[in-house]
Each structure stands twice: as structure tokens, then as C-alpha cells.
Amino acid sequence: MPNLVSRRELLNMASAALVALAAGKPDWAMPQELVQNVANAADWKPVFFSPHQNDTLIALTELIIPRTGTPGANDAKVHRYMDLFMEAGDIENGKQFVDGIAWLDGHSKQLHGREFVGCAAGEQIAMLEGMAGAGKDDPGRLFFDQLKGITAMIYFSTPEGYQELNRFGPPPKTVGCEHPEGHPVT
């Protein structure tokens, strides 16, 4: 299966997400107790997303961060956290995200005669690759960029993602930095 997001791109998104979390962005802060309940609840059901939208997110996030030799997005329950994030977050951001899922299903129906989750893996990957390569104002590209960012932010905030980030030791000081020499530690 081809990688839709390179490891370098994921690390850049993860470092940006960790900086934002460390900066205390209030939209991203959730009580730890609530987060753990979402991750571990046996009878969990989505609150923000419909069951179909949740199934779509499960497919999408696993395509972005698949299980390889390490846990994937589904192992980290990214879709559950995404539901919590959207429920607790900005209404307009949530609406844009739901509109993006609807756009994807419409696009999928045009191309394949069925919604995204009903498509074969190869068809799903081809649609996402097309969205990633579209013009920067294309609705599919805008949704895919938003989806990748939120997926990475959530994944690398989970124990599974944190473990993956630190698998080879602490990340170098230049992770996410465009300056090869890094920045001096103050």
C-alpha cells in the first residue's frame, strides 16, 4: 500500500501539533479523564459524527497512518478522539469537516457509484492521492489537508503515537524546523 503521507510530513505535523499543545491552545485541551473514558469505553458511540461518518473516519485515518510494524490510527482510536475533539471544539471547524466527508462521499459516488467506505482499498487510495495532488483551493484538497493535520495531531498525542515519535530516542532539535543547523536552546 503506498504511503499517502510521508514519515517526514507526519513528523513535521506532529511537531507542530506538540508545539500547539504545549502552547496551551484552548481548542485542543480536553480533560484527561474524559479522554481516557473515550479511549477505553467498550460501549463507545460517536457523539458528533453519525455512524456512517465515523466509519468513513475509521477508513480515512487508517489510510493516513496505517498499521505497519507500529500501531496505526485505528490502534490509537484516532476516530474516537476526533469525535470528542469536534464535539468540544469550534462549531464552524466541525461543520467544515462534516461537509468534507459529504464532499468525499459525493465525489466517490461520481467516480465509483458508491460512498467512500464502500470502495475497494485501491479506489480509496486513488481518491486520496487525487485530493492530495489537487490545486490548493480544491475542496477535496482542503478537506484532505485538514484531515491529515487533525489525524496527526491526535495520533501523536496518544500513547501509541507518542511511542512511535520516540521509538528511536528523542526527536532531534531540528524536527519540523527548516533550518538544518537547528535553533539554539535558550
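In this predicted model, Phe 49 has a relative accessibility of 3% and therefore counts as buried.

A pair of aromatic rings is described by the distance of the centres and the angle of the planes. For Phe 48 and Phe 49 the centres are 5.0 Å apart and the planes stand at 90°, so the arrangement is edge-to-face. Phe 49 pairs with Phe 97 as well; here the centres lie 5.9 Å apart and the planes meet at 55°, so this pair is classed as tilted. This second pair joins distant parts of the chain, with Phe 49 in the loop between helix H2 (32–40) and H3 and Phe 97 in helix H5 (residues 91–112), 48 residues apart. Like Phe 49, Phe 97 is buried. Taken together, Phe 48, Phe 49, Phe 97 and Phe 143 make up one aromatic cluster, and the model holds 4 aromatic pairs by the rule applied here.

Attention now turns to the packing of two helices. Helix H3 (residues 51–64) and helix H4 (residues 78–88) pack with their axes 9 Å apart and at an angle of about 125°. The crossing of H3 and H4 is right-handed. On the H3 side the contact is made by Asn 54, Leu 57, Ile 58 and Thr 61, and on the H4 side by Val 78, His 79 and Met 82. By type, the residues of this contact comprise 4 nonpolar and 3 polar, with no charged ones.

The spacing within such a contact can be read with helix geometry in mind: an α-helix has 3.6 residues a turn, so residues three or four places apart point the same way.

H4 itself is mostly covered, with 9 of its 11 residues buried. Among them are Arg 80 and Asp 83, along with Tyr 81, Leu 84, Phe 85 and Met 86. His 79, also in H4, has a relative accessible area of 9% and is therefore buried. Leaving aside residues up to four places away in sequence, His 79 touches Trp 44, Asn 54, Leu 57, Ile 58 and Asn 74.

Methods. Residues are numbered from 1 along each chain as its sequence is written. This is a predicted model: local features need pLDDT of at least 70, side-chain atom pairs count only at pLDDT 80 or more; totals for chains, interfaces and linings use all residues. Side-chain values use heavy atoms; hydrogens and water are left out. Axes are lines fitted to C-alpha atoms, for helices over the stretch in contact, and angles run from 0 to 180 degrees between N-to-C directions. Helices (H or I, at least four residues) and strands (E, at least two) are DSSP runs, numbered from the N terminus. A crossing is left-handed if the near helix is turned anticlockwise from the far one by less than a right angle, and right-handed if clockwise. Contact means heavy atoms within 4.5 Å. Ala, Val, Leu, Ile, Met, Phe, Trp, Tyr, Cys and Pro count as nonpolar, Asp, Glu, Lys and Arg as charged, and the others, Gly among them, as polar. Rings of Phe, Tyr and Trp (its six-membered ring) pair if their centres lie within 6.5 Å; planes under 30 degrees apart count as stacked, over 60 as edge-to-face and the rest as tilted. Buried means under 20% relative accessible area, exposed over 50%, partly exposed in between (1.4 Å probe, protein chains only).
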